[in-house]
There are 2 protein chains.
Amino acid sequence: MPKILVIGAGAIGSFYGGKLAQSGETVAVLSKHQEFFIQSPLGDFTFTPSPYNFEPDFVLICTKVYPDIDWKTLLSPHIFKHTAIVLLQNGIDIEPPIQTLFPHNEFISGLAFVCVHRETPTHIIHEEHGRLVFGNYPSGISPKVKQLSEDFEKAGISCKATENVKEARWRKLVWNAAFNPLSVLCGGASTTEMLNHPPTVLTTRHIMEEVVMLAKADGANLPLDCIDKNIEDTAKMPPYKTSMLLDFEHKRPMEVEAILGNALRVGSRLTVKTPYLETLYATLSLLNKKRQQA
Amino acid sequence: MPKILVIGAGAIGSFYGGKLAQSGETVAVLSKHQEFFIQSPLGDFTFTPSPYNFEPDFVLICTKVYPDIDWKTLLSPHIFKHTAIVLLQNGIDIEPPIQTLFPHNEFISGLAFVCVHRETPTHIIHEEHGRLVFGNYPSGISPKVKQLSEDFEKAGISCKATENVKEARWRKLVWNAAFNPLSVLCGGASTTEMLNHPPTVLTTRHIMEEVVMLAKADGANLPLDCIDKNIEDTAKMPPYKTSMLLDFEHKRPMEVEAILGNALRVGSRLTVKTPYLETLYATLSLLNKKRQQA
């Protein structure tokens, strides 16, 4: 049985770490808290992490992605020769800064499609969904990816191993780059409020088209109907507050660089024009900066 | 001597009406207030409007431009055969809805380049500048335009009559369409904060380029250096809160339609793509709507 360390005891880390522990895995968490209460349609449970007295087989990185995180200091004490590094985070092109630091370790990138938030630091509310996608970065499915996927499946979490995790990341960014920023800029709007206002729907589509174009230039051909599908699926959801909006409301920094800044830099490298993403970035990056200075 | 009625006793109406009254003109104001105190580098003064017992030669419309204003009900009682209608308001393409209602009246459109705000409903603070531009809409300089300009000059206000007021309006929109929306979306940013954040400066330029392109498609060839000049002149100003930001902070509706919505509609009519303006509109129009519902 693999031994797992979760770094980042937020909603994502506590929920997925908790599910693995519940199914019998050894899961430690870097946190001052000893216990988490997880409220979930899959069944409520208490997650008591294992003592951290092992060299992890998997380090599951579930922090937010901020440019000022010193990954070397944060991760180095926990990465051994046999440790696979697993990112379970939002954003695009977030892997290189970490992979560069540990070039000899197995490197896995993952995405969570889930509605989950922290009510308090130890009270996690899982609302719905939960599907995971994992793959080696930039591509491939190693035995460890397969093992991780099977472990999650055993824990009751739908999990898919993918040969092309970069494409999966672009596909998730289609939703994230549109709804996350707009929800903040529209004055704290739920997905339902945005989808009930035609000008916002139009711009949502245009932002998504820009991400699809960027993905294509980066070698990821997303299916043509993914924009319609994203909008239709979101319209079926109950009113939902995006993670960026929750961060904004709780005065936490927003993942502006991981979601928008990195996308813009890809566009700049591949000479793809991105006026929509650029406008979102220009406003949210200053908003973030003002918030942090305040 | 012409008799003047000011409609809209905000900062603009009280300041310019007050200056005309100070120089000896007969100026009435549609307002429940009988007295305004104007604090100004040109000299502080108290403006006591004339009793409104005349048929105005000029009706100076200084209200904000909101789509739900019933211009017919508001204006009809004050417009006589000889009355010239004068707009002193922000935005683009704001003339047709009013001009259509009074097709036989002389119609003058004007712009104020001024930093002035209302501290209280009767306490107006004029910070700096004050230049006016007037012309017949859509073009021309009639004797009444000349008379009005001379009256303002006599009152100590620099005033220019222009053959092409549409071009003047586009030129002012270059500044307004960029700094007004961004100041709100960036979390209440002053001009200085925006100009100290490179991503915001870049997007400011791109928004301005879009307005210059729109203006060109609409027949107004703005000078090529107007973008640099707008940015340089703004950088020389002390930190300034835009009028849209002041409206937002005071929970008043913002002039989103006059400044952005109308520009987008011109772009749509002339098939000019406007992704920057569209993104600003998508966010601010929903923000405005949510504010008004709250």
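**Exercise 1. Aromatic pairs**

Determine how many aromatic pairs this predicted model holds over all chains, and classify the pair formed by A:Phe15 and A:Tyr16.

*Solution.* Step 1: a search of the whole structure returns 16 aromatic pairs over all chains. Step 2: for A:Phe15 and A:Tyr16, the ring centres lie 4.9 Å apart and the planes meet at 70 degrees. Step 3: planes over 60 degrees apart count as edge-to-face, so the pair is edge-to-face. Step 4: A:Phe15 and A:Tyr16 are both buried, and together with A:Phe134 and A:Phe152 they form one aromatic cluster.

**Exercise 2. Cysteines**

*Solution.* Step 1: a disulfide is a covalent bond between the sulfur atoms of two cysteines. Step 2: the criterion requires the two sulfur atoms to lie within 2.5 Å. Step 5: over all chains, the structure holds zero disulfides.

**Exercise 3. Two salt bridges of chain A**

State where in chain A the partners of the salt bridges A:Lys154–A:Glu25 and A:Lys236–A:Asp233 lie.

*Solution.* Step 1: the whole structure contains 26 salt bridges over all chains. Step 2: in the bridge between A:Lys154 and A:Glu25, the closest N and O atoms are 3.8 Å apart. Step 3: this pair links distant parts of the chain, since A:Lys154 is in helix 4 and A:Glu25 in the loop between helix 1 and strand 2, 129 residues apart. A:Glu25 is buried, at 4% relative accessible area. Step 4: A:Lys236 and A:Asp233 also have an N to O distance of 3.8 Å, but these residues are three apart in helix 8, about one helical turn. A:Lys236 is exposed at 67%, whereas A:Asp233 is partly exposed at 34%.

**Exercise 4. A buried lysine**

Identify the side chain with which A:Lys172 makes a polar contact, and find the nearest side chain of opposite charge.

*Solution.* Step 1: A:Lys172 belongs to helix 5, residues 165-185. Step 2: the residue is buried and has no salt bridge; the nearest side chain of opposite charge, A:Glu255, is 8.4 Å away. Step 3: the side chain of A:Lys172 makes a polar contact of 3.1 Å with that of A:Asn90. Step 4: beyond its neighbours within four places in sequence, A:Lys172 is in contact with A:Asn90, A:Leu111, A:Ala112 and A:Phe113.

Technical notes. Residues numbered from 1 in each chain as written. Chains lettered and ligands numbered in written order. Predicted model: local features only at pLDDT ≥ 70, side-chain atom pairs only at ≥ 80, totals over all residues. Heavy atoms only, no water. Helix = DSSP H or I, 4+ residues; strand = E, 2+ residues; numbered from the N terminus. Buried < 20%, exposed > 50% of the residue type's maximum accessible area, 1.4 Å probe, protein only. Lys, Arg positive; Asp, Glu negative; His and termini not counted. Salt bridge = Lys/Arg side-chain N within 4 Å of Asp/Glu carboxyl O. Polar contact = N/O pair within 3.5 Å; in protein donor to acceptor, adjacent residues only side chain to side chain. Contact = heavy atoms within 4.5 Å. Phe/Tyr/Trp six-rings, centres within 6.5 Å; stacked < 30°, edge-to-face > 60°.
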